[in-house]
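Have the sequence and the model side by side. The tour below goes from charged pairs to a sheet and then to a helix.

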Amino acid sequence: LGLAREGYFYKLLGEVLINELDITLPFPYYSYGDMTTGEKVLLLEDLSDRGVLSSFYFGKASPVNWGKDLDALIAKFPGQKPTLRQIIDDAFQQVARMHRKFWKDASILSYSWLRSYDWIHGEGKNTWQEAQKRATDSWVSVKAKIEAKTTAFQWDEEIVAVVDASLSKIDWENYQHIIHHQRSWTFVHGDFHPGNIFWIAADAPHTNQLDNSEKVKSGKSVLLDWEMVGLGNGPQELSQYMISHVTPDVRREIEDEVLGLYYRTLTSNEDVGGVGKYVSAEEYSFEQCKEEYIYGGFERWVWFLAALPKVCPEPMIEYWHNQTVAFMRDHHITSQSV
């Protein structure tokens with residue numbers, strides 16, 4: 001899977017994100033990666049006395065929080081009561097600064113260790129097909145269980161038809177056309193969701209180089225787990241985040257606002273966070289951003305729904321199934337449009 005790329009990320013780009021983009025990472029004291037052997041070594045700042053995973057504030061619905069005493073975990077920081085909007089807004093603004101810094105930036109195309117590096121260069125067709133085969137082979141088994149009525153929950157007929165349609169459209173040449181002519185690309189985290197983001201409590205004590213100030217005034221996101229870092233679609237990261245953890249009711253209430261915040265940060269000509277560069281609103285409209293948010297993230301979850309039943313228990317699949325179905329219905333995605 002190339003997870004050693006995390007070592008390269010911290011060594012080559014960690015300081016850029018921390019110092020130039022005002023993106024918060026655990027300070028990397030040492031990082032090493034070797035993509036030929038898969039070996040990596042990371043020595044990172046210990047944040048355990050400063051906060052908790054941001055996913056803990058999203059409640060017990062998500063599988064990543066099952067079996068955890070969330071109240072006890074959060075109670076370690078009694079002065080910290082962030083709202084979901086505060087957590088989401090901060091995470092989306094940070095990732096927007098990163099996306100705008102590297103938006104269609106040819107210089108980043110030289111980093112061969114990035115996920116999708118070869119694919120965006122029109123190479124690695126075999127590895128791309130192998131990745132798709134993981135989903136299509138798994139889906140054959142899932143469909144057999146659905147048709148035999150032996151699944152632990154009832155699959156929605158519409159999502160089954162959409163997954164069928166999406167997998168039937170897998171085609172290398174079409175994929176190349178999409179990434180070069182239809183959708184934007186940039187430098188992406190690759191696995192962007194609340195369980196991969198730490199939340200530093202308000203007024204947490206400063207421990208080392210993580211912050212310029214001695215105390216964080218109002219809470220802050222710290223982006224973790226860069227094993228899937230690569231080249232991809234920016235808005236897709238946001239919908240992966242929303243489908244993974246945000247309940248449909250809350251998502252419906254806030255998604256236009258948080259997507260708008262992301263877009264404004266992306267396209268503002270102000271020097272937000274020291275980025276300088278910004279994405280032209282004339283070349284990239286909010287409507288295009290929203291379409292990529294809707295279809296990019298949803299189609300990623302279609303792949304997950306097909307592939308993950310091989311490795312995850314059915315209660316987890318049921319949760320992701322329900323989240324994806326709600327997103328599909330809310331945005332009128334069909335087997336024709338997917």
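A salt bridge here is a side-chain nitrogen of Lys or Arg within 4 Å of a carboxyl oxygen of Asp or Glu. Keep in mind that this is a predicted model.

Start with Glu227 and Lys40. Their side chains meet in a salt bridge, with 2.6 Å from N to O. Glu227 lies in the loop between strand 6 and strand 7 (230-232), while Lys40 belongs to strand 2 (residues 39-44), so the pair ties together parts that are 187 residues apart in sequence. How accessible are the two partners? Glu227 is partly exposed, at 21% relative accessibility. Lys40 is also partly exposed, with a relative accessible area of 29%.

A search of the whole structure finds 17 salt bridges. Glu20 and Lys101 form one of them, at 3.4 Å from N to O. This pair, too, links distant parts of the chain. Glu20 sits in helix 2 (residues 14-20) and Lys101 in helix 4, 81 residues apart. Glu20 is partly exposed at 38% relative accessibility. Lys101 is partly exposed as well, with a relative accessible area of 21%.

Now turn to a pair within one helix. The side chains of Arg251 and Glu255 meet in a salt bridge of 3.2 Å, N to O. These residues are four apart in helix 10 (residues 248-267), which means that about one helical turn separates them. An α-helix has 3.6 residues a turn, so residues three or four places apart point the same way. Are Arg251 and Glu255 buried or exposed? Both are buried. The pair is also part of a network: salt bridges that share partners join Asp249, Arg251, Arg252, Glu255 and Asp330.

Three strands form an open sheet in the order 3-5-6, with antiparallel pairing. Strand 3 (51-53) and strand 6 (220-223) are the edge strands, each pairing on one side only. On average, neighbouring strands of this sheet are turned by 30° against each other, direction ignored. Strand 5 (residues 197-200) pairs with strand 6 over four bridges, in the antiparallel sense. To find this pairing in the model, look at Phe198, whose bridge partner in strand 6 is Val222. Helix 4 (residues 84-101) packs on the sheet and touches strand 5 and strand 6. The direction of helix 4 makes about 50° with that of strand 6.

The last stop is helix 6 (residues 125-147). How far apart are its end C-alpha atoms? They are 32 Å apart, which agrees with the 33 Å that its 23 residues should span at 1.5 Å a residue. Helix 6 does have a kink, of about 25° and centred on Lys133. Its buried residues include Trp128, Ala135, Trp139, Val142 and Ile146. What do the buried residues of helix 6 pack against? Their partners are helix 5 (117-120), helix 7 (157-168), helix 8 and helix 11 (286-307). Lys149 follows helix 6 and has a positive phi, near 60°.

Leaving aside residues up to four places away in sequence, Tyr175 touches Trp119 and Trp128. Trp128 is among the buried residues of helix 6. Tyr175 is 28 Å from His245, C-alpha to C-alpha, and 70 residues from it in sequence.

Note on methods. Residues are numbered from 1 along each chain as its sequence is written. This is a predicted model: local features need pLDDT of at least 70, side-chain atom pairs count only at pLDDT 80 or more; totals for chains, interfaces and linings use all residues. Side-chain values use heavy atoms; hydrogens and water are left out. Two strands pair if DSSP finds at least two bridges between them. Helices (H or I, at least four residues) and strands (E, at least two) are DSSP runs, numbered from the N terminus. Axes are lines fitted to C-alpha atoms, for helices over the stretch in contact, and angles run from 0 to 180 degrees between N-to-C directions. Contact means heavy atoms within 4.5 Å. Buried means under 20% relative accessible area, exposed over 50%, partly exposed in between (1.4 Å probe, protein chains only). The expected span of a helix is 1.5 Å times one less than its number of residues. The bend at a residue is the angle between axes fitted to the seven residues ending there and the seven starting there.
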